[in-house]
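Q: Hi! I've just opened this one and would like to talk it through with you. Could you show it first?

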Amino acid sequence: MQGKSQLTSEVDFDLDGKHHGYLRLPHSVHRSAYGWIPIPVISIKNGNGPVVLLMAGNHGDEYEGQIALNNLARNTNESSLTGQLIILPMANYPAAKAGLRTSPLDQGNLNRSFPGNPVGTPTEMIAHYIESRLLTRADFLLDIHSGGSSLIYQPTLLMTRHSDPEQQQRNLAILSSFGFSHAILFPASPDGSYSSSAAERQKTIAITAEIAGAGTVDTGALKQLEKGLSAYLGHLGAVSEDSLRLKRPMQETRFLEVPSQDYYVYSRYNGLFEATVEIGAEVTEGQLAGWIHHPDTPMEAPHAVYFDIQATVICKRVPAITQRGDCLYELAAQIN
Ligand SMILES: [Zn+2]
């Protein structure tokens, strides 16, 4: 974490008003000896209220957040703010440009790269800049993900449990402000390489969102995200109440947890996966989850996959071609 970032920003985050440009990540390659990678950035500031860092494209094949944040940047007038929005719609730009989870330049997974390294690979340098230059300014972080190319999520919010009961109550209220049907609370991760761990180190209140996925853009989920985002920014006091069209959450939020590895259903076979359950479904122990078919072996019967526990289906695998060890479903349980 020590050391000066080599990234520079075309945007001065101290200025009031709406400013956009690029973070310049120096990148000397055959086609461009003195070139830089352009990471899009927008700052909208009015006064000294809460500072919210909004990120998408942490994984490059997750699209709803990239679109929602660019829409938000275009549609937000600084006069409606009572704080500051710092927006990174394509945080790991090389990965987002390529539509890949990880960066084609260094195979870096930005959400496993914090606290980063100021003189490391491009992905490590981005992580270092975000933690040391942006999270140090931000009171709140929203990092918007989706299931990427291989999974699809019921729109879900994730947050780390807080040890202080009063802060925990405030955090549950922030989660509820989105009006999503459910949110998942996780214990603090011992692995410090996620954006949420970086936020924790910098005393920034972080939420991770998982919005649809499947390598596509789900219009319904995108609309839900945009409404939720607007209500969240109003709840935080970053946007003035008058400018909010939506004053009330759309629905009550259920709080869930993923108590153990048993809540991940994996394939034990190579083959073609046929899912028999939709995201959002309530499932019971012994219920059929799907089939793994084997058309490469004439006359071989498919293998059935069953759920081992009673739970809510949060996400499921999308591609049919499946290998032993691939995650087919993620489940969650109601917190009692
Ligand atoms: Zn992701």
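A: Here is a short chat about the fold, the domains and a few local details.

Q: Thanks! What kind of model is it, predicted or experimental?
A: This is a predicted model.

Q: Good to know. How many helices and strands does the protein have?
A: There are six helices and 18 strands in the protein. Its radius of gyration is 21 Å, close to the 20 Å from the globule rule for 336 residues, so the protein is as compact as a globular protein of that length.

Q: And what does the C-alpha trace span along its principal axes?
A: About 65 × 55 × 35 Å.

Q: What percentage of the residues is buried?
A: Buried residues are 45% of the 336. As for contacts with a separation of 6 or more, 69% of them link residues 24 or more positions apart.

Q: Changing topic: which domains is the protein divided into?
A: Domain 1 covers 8-257 and domain 2 covers 261-334. Their centres, taken over C-alpha atoms, are 30 Å apart. Twelve residues from domain 1 and twelve residues from domain 2 take part in the contact.

Q: Which strands each supply at least two residues of the domain 1 side?
A: Those are β7 (151-160) and β10 (254-257), each giving at least two residues to the side of domain 1 that touches domain 2. The largest share of that side comes from β7, with five residues.

Q: What is that side like by class?
A: The side of domain 1 that touches domain 2 has six nonpolar residues, four polar ones and two charged ones.

Q: Let's look at a helix. How many residues does α3 have?
A: Helix α3, residues 122-134, has 13 residues. From its first C-alpha to its last it reaches 17 Å, close to the 18 Å expected at 1.5 Å a residue.

Q: Is α3 mostly covered or mostly open?
A: Mostly covered: twelve of the 13 residues in α3 are buried. Among them are Met-125, Ile-126, Tyr-129 and Ile-130, and the buried set also includes Glu-124, His-128 and Glu-131.

Q: What do the buried residues of α3 pack against?
A: They pack against the strands β2 (17-26), β3 (36-45), β4 (51-56) and β5 (84-88), and against the helices α2 (93-98) and α5 (195-201).

Q: You mentioned β2. In which sense do β2 and β3 pair?
A: β2 and β3 pair in the antiparallel sense, over ten bridges. One of the residues to look at is Lys-18, whose bridge partner in β3 is Ile-44. Strand β1 (residues 8-9) also pairs with β2 in the antiparallel sense, over two bridges. There, Ser-9 has Leu-23 in β2 as its bridge partner.

Q: What is the order of the strands in the open sheet of four?
A: The order is β15-β14-β12-β17, with antiparallel pairing. β15 (303-306) and β17 (321-322) are the edge strands, each pairing on one side only.

Q: How many bridges do β12 and β17 pair over?
A: Strand β12 (residues 271-275) and β17 pair over two bridges. Leu-272 has Ile-321 in β17 as its bridge partner.

Q: Now the backbone. Which peptide bond is cis, with omega near 5°?
A: The one from Phe-114 to Pro-115. Pro-115 sits in the loop between α2 and α3.

Q: What about phi: what value does Lys-203 have?
A: Lys-203 has a positive phi of about 60°, although it is not a glycine. Lys-203 lies in the loop between α5 and β9 (205-213).

Definitions and conventions:
Residues numbered from 1 in each chain as written. Predicted model: local features only at pLDDT ≥ 70, side-chain atom pairs only at ≥ 80, totals over all residues. Expected span 1.5 Å × (residues − 1). Buried ≥ 20, exposed ≤ 12 C-beta atoms within 10 Å, placed from the backbone. Contact = placed C-beta atoms within 7 Å. Rg over C-alpha atoms; globule rule 2.2 N^0.38 Å. Domains from an automatic or database assignment. Nonpolar A, V, L, I, M, F, W, Y, C, P; charged D, E, K, R; others polar. Pairing = 2+ DSSP bridges.
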